[in-house]
Amino acid sequence: MVPPDGDPAGELTIDIVPLVSDVRQSGDFGIATYRIPGIARDANGVLHAVFDHRWTGGSDLPADIDVGYARSTDGGTTWSGFQPILDFDASEPGSSGNGVGDPAILYDPVNDTLWVAALWSFGNNGYFGSGPGTDPAVTGQYVLTKSTDGGNTWSTSINVTVDVKDDPNWRLIFQGPGHGLAMRDGTLVFPSQYIDASGVVRMCSVYTTDGGANWDFGSGIPDTSPQTNENTVCELDDGRLLFSGRTPSGSNGQRAFAYYTPGGTEPMRDGSWTDIFRLPSVPDPVCQGSIVQWTSTLNGDPLEKVAHISPGTAAGRVDLTLRASGDGGASWPISVSYT
């Protein structure tokens, strides 16, 4: 829990001078817009960033979009050059740009492997155009790529749509975006979202327990109000997963949170969700955020902390704010704006 005096000896205070460096700027390498970033850090401290190459403008899928990648070996001061890692042929007839985007990245420390998930839209099969089925002609595709050499090279696309679209009548399933999670037991998790047959969208998970040989649908939050789509997740010290999601409708200008407790024969499928809860202290303008967990010590005892970053106001995507929690996300007593 957060100590009674709020922040003894600065244990929760965020006293960070941010390093501001542009991974990419509009126009770099002839690309009109870069959007939808995700980042992961490997065991050697190398930073790995992914993002959309939106070649002709800022619009979402369907469009001519590829997933780009850059790495930094100096803590983010400088970044590597042009490197698309998921790219489908934009000239293919009927493909509407054959775009792939909204990436999420995670690092698997057990197998020293980077994984990236993205949504591939052949034709009008993005968030709004997708329908029932699993074929690329009718619905967006859940695709992956991986690197086993620190991001130098990446695999060809791995299509897991049939494996993770738990109900073919759903209109769509795809990743967070942003970053995924490597759990303490080795399970790899991409926070995800699915649109059911009625058009309701809710946050869920896609996971693997065998290092990526097989991927499966985990569990979707039962709550349908408010709807939750783009989301992010961290693992707490007690084994619960804390999901933080944006709400495309009924948000009341606040972020949506929920806990998932793994359990049963298949822990990522058979566990239990809490109800969605919202906090006035975490406003949201309908925007993706990021959440991470880490553990330090206080007077020799472990002290769990959770960090959350998102806009600091419900009025718009401005006022980037970093928040800290000492009670597993139940409250966020510390916040610092970096605008």
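Predicted model: local features only at pLDDT ≥ 70, side-chain atom pairs only at ≥ 80, totals over all residues.
Residues are numbered from 1 along each chain as its sequence is written, and side-chain values use heavy atoms, leaving out hydrogens and water.

Now colour by secondary structure: you will find two helices and 23 strands (DSSP runs numbered from the N terminus, H or I of at least four residues for helices, E of at least two for strands). Of the 339 residues, 54% count as buried, meaning under 20% relative accessible area with a 1.4 Å probe, protein chains only.

Next, select β5 to β8 together with β10. These five strands form an open, mixed sheet ordered β8-β7-β6-β5-β10 (strands pair if DSSP finds at least two bridges between them). β8 (158–159) and β10 (178–179) are the edges, each with a single partner strand, so one side of each has no neighbour in the sheet. Zoom in on β7 (residues 141–147), which runs antiparallel to β8 and is joined to β8 by two bridges. Valine 143 has asparagine 159 in β8 as its bridge partner.

Finally, pick glutamine 227, in the loop between β14 (216–220) and β15 (231–235). The glutamine 227 side chain reaches the backbone nitrogen of valine 201 at 2.8 Å. Beyond neighbours within four places in sequence, glutamine 227 contacts residues including Gly199, Arg246 and Ser249 (heavy atoms within 4.5 Å).

Key: Polar contact = N/O pair within 3.5 Å; in protein donor to acceptor, adjacent residues only side chain to side chain. Buried < 20%, exposed > 50% of the residue type's maximum accessible area, 1.4 Å probe, protein only.
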